[in-house]
Amino acid sequence: MADTLAALRSLMASHTPPLDALVVPSEDYHQSEYVSARDKRRAFVSGFTGSAGLALVTKNEALLWTDGRYFLQAEQQLNDQWKLMRMGEDPSVDLWISTTLPEDSAIGIDFWCISVETAQKWKSLFAKNQQNLVPTTRNLVDEVWKDQPQAEINPVHVHPLKFSGRSVSDKLKDLRDNLKKEKARGIIITSLDEVVWLYNVRGSDVSYSPVVHAFAVVTTKEAFFYVDERKLSPEVKSYMEENKIIVKDYSAVSSDVALLASNQLTSVKDTLSNGASETEVNSHKIWVDPRCCYSLYSVLNPDQVLQQPSPLALPKSLKNPVEMEGLKNAHIRDGAAVVQYFAWLDKQMQEIYGASGYFKESESQNPKKHLGDAKLTEVSVSDKLEEFRAAKEHFRGLSFPTISSVGPNGAIIHYGPEAKTCAELDPNSMYLCDSGAQYLDGTTDITRTVHFGKPSEHEKRCYTAVLKGHFALGNARFPNGTTGHALDVLARVPLWSYGLDYRHGTGHGIGSYLNVHEGPHSISFRPGLNVPLQASMTVTDEPGYYEDGKFGIRLENVLIIKEAATQFNYANKGYLEFEHITWAPYQTKLIDASLLLPEEIKWVNNYHMKCRDILAPYLNESEKAWLNQATDPIAA
């Protein structure tokens with residue numbers, strides 16, 4: 001790490017102009033949350049492996065910004081050369097730069113790895129102190145990363161209509177209608193999930209996300225797909241031709257955006273005589289999402305840019321009937337896998353560790369393993385969970401690295417266990433498992449927290465408070481136009497009554513065999529984009545509570561938003577509600593029923609009966625028996 005920082009500082013000093021600071025973001029050229037191995041530059045430089053964060057290297061300091069999900073993890077992974085900057089508590093990186101570095105400082109960054117929105121904000125702030133945000137002539141991290149992984153050449157697959165539910169031609173027609181409405185002649189699409197959603201293709205260029213490293217440019221007449229052509233089979237090339245999608249090399253996007261800027265991007269000599277209307281020719285605006293990489297934006301004349309959120313984000317989040325049905329089916333199979341896993345784990349914990357198990361309460365009298373060399377670790381059990389999922393129809397892999405965490409590790413919100421250093425399971429500690437999978441018909445994300453011994457009264461109270469918040473949000477009704485930001489408080493009130501809280505958002509959209517985190521909406525204490533929740537969106541409901549050094553609790557279901565049949569309809573707005581599509585029991589041993597209201601007990605019991613009915617066909621007799629016991633009604 002010391003050698004890396006020294007090498008970076010040497011390149012910064014020899015750069016033209018010399019750099020006073022170098023920003024190393026987490027994102028790739030597409031502003032992705034999860035990136036491929038070769039794009040994990042921030043992790044390489046800092047040693048911090050969380051999905052969110054930003055590194056800043058100056059002549060004398062090295063600082064790492066990350067959010068509340070990762071404070072504990074960053075403390076563990078950063079060495080003493082690095083200073084942790086806590087988002088929401090410490091000054092933001094741009095404010096720190098503007099107030100700490102001297103005037104005329106040059107702050108370097110790869111313009112491919114920063115969004116238009118962020119670059120514009122920083123440039124404006126830095127200009128007040130005559131500081132400059134400058135593009136590096138090359139990515140300096142790549143220069144010092146000697147064993148940087150190569151870009152993988154993974155095949156592109158067509159995502160058939162029976163799973164996508166809408167044709168490419170339909171999606172392109174809607175997109176072009178939006179272009180014409182906004183008097184734009186083209187749009188640059190850089191978000192990987194938007195590119196593959198638009199063209200109904202999938203890939204495996206990024207672990208856990210079935211996306212393809214590609215750009216798209218769509219004009220009122222043509223559609224372009226920028227990708228490494230070695231990834232395309234003859235069948236996929238034919239599919240592209242059939243759908244009138246012009247395939248070009250990934251690296252050609254910059255030169256083509258320049259052609260688009262001068263109204264020369266076309267595969268044919270189409271002018272007014274080729275059928276383009278005068279309105280289309282005179283339309284000079286090019287649509288650019290604020291998340292677009294600044295490198296492509298900088299090719300354009302700012303006067304010709306229509307800078308506003310992508311018109312693909314919202315329709316992608318509004319699931320069509322085929323996607324909706326697929327998501328429900330995927331969550332049923334996934335719930336069966338989770339039940340099989342906990343039934344298996346319950347038996348293993350009793351046999352290997354003498355635990356009282358999932359249903360009974362007593363401390364293990366034999367915490368040491370007693371079946372020869374048998375032992376369970378956070379990684380070995382999560383591998384078993386993956387086995388159960390892999391046996392299910394349409395399985396294509398996990399949707400994110402499984403968070404399998406025992407005791408104190410559960411307090412690390414996005415904990416990532418590693419085989420060499422992970423903890424052994426402990427029958428006397430809480431176990432938090434946050435996991436999900438990619439199926440051809442849907443993406444899943446579920447969290448359950450369990451205890452195989454005797455939980456303390458404090459742990460039960462905390463678990464019950466989380467459950468009450470989970471219930472309050474998941475059973476809310478609200479008028480059209482309501483944002484997730486407005487609903488977030490519902491999940492926190494039961495915790496607040498004890499003076500407790502959690503440092504993460506409460507819900508995110510989820511893709512249809514796509515990214516596990518999907519916007520543009522969310523449920524969060526952060527205002528965000530304030531995109532109203534709408535019928536046919538998906539969203540998670542996942543409050544939690546974490547005690548540093550002790551335990552973590554989180555409960556998560558995926559919900560579908562649907563129209564609600566209310567008695568009244570104030571101001572004729574129309575009302576919405578949630579439908580749970582995740583099926584797996586809550587551990588009743590952890591619930592303090594005396595803290596639940598009668599309607600909460602009724603809801604849990606009804607949900608558990610549905611789990612029985614829905615999952616039974618996917619389980620063997622012993623698994624059914626376990627589920628029946630796990631879903632026994634709670635007494636009021």
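Reply: Go ahead. Keep in mind that the model is predicted.

Me: What makes E16 and E17 a pair?
Reply: Four bridges join E16 to strand E17 (residues 430-435), and at least two are needed, so they pair. They run antiparallel, and Ser-404 stands opposite Cys-433 in E17.

Me: Why are E16 and E20 said to stand at the edges?
Reply: The open sheet has three strands in the order E16-E17-E20, with antiparallel pairing. Strand E16 (403-406) and strand E20 (446-451) each have a single partner strand, so one side of each has no neighbour in the sheet. From one strand to the next, the twist averages 10°.

Me: Cys-433 again: which residues does Tyr-341 contact, beyond its neighbours within four places in sequence?
Reply: Cys-433 is one of them, along with Val-381, Ser-382, Leu-385, Phe-388 and Tyr-431. Contact here means heavy atoms within 4.5 Å. Tyr-341 and Tyr-431 are also among the residues with the most contacts inside the largest nonpolar core, which has 80 residues. Helix H15 (residues 321-353) gives the most to this core, with twelve residues. Apart from it lies another core, of 42 residues, including Val-156 and Tyr-199.

Me: How do you know that the buried residues of H20 are on the same side?
Reply: In helix H20 (residues 621-630), Glu-623, Trp-626, Leu-627 and Ala-630 are buried, meaning under 20% relative accessible area. They cover an arc of only 95° around the axis, so they sit on the same side of H20. What covers them includes H15 and helix H19 (598-615).

Conventions. Residues numbered from 1 in each chain as written. Predicted model: local features only at pLDDT ≥ 70, side-chain atom pairs only at ≥ 80, totals over all residues. Heavy atoms only, no water. Core = buried A, V, L, I, M, F, W, Y, C linked by side-chain atoms within 4.5 Å. Buried < 20%, exposed > 50% of the residue type's maximum accessible area, 1.4 Å probe, protein only. Helix = DSSP H or I, 4+ residues; strand = E, 2+ residues; numbered from the N terminus. Arc of directions from axis to C-beta. Axes fitted to C-alpha atoms, helices over the stretch in contact; angles between N-to-C directions.
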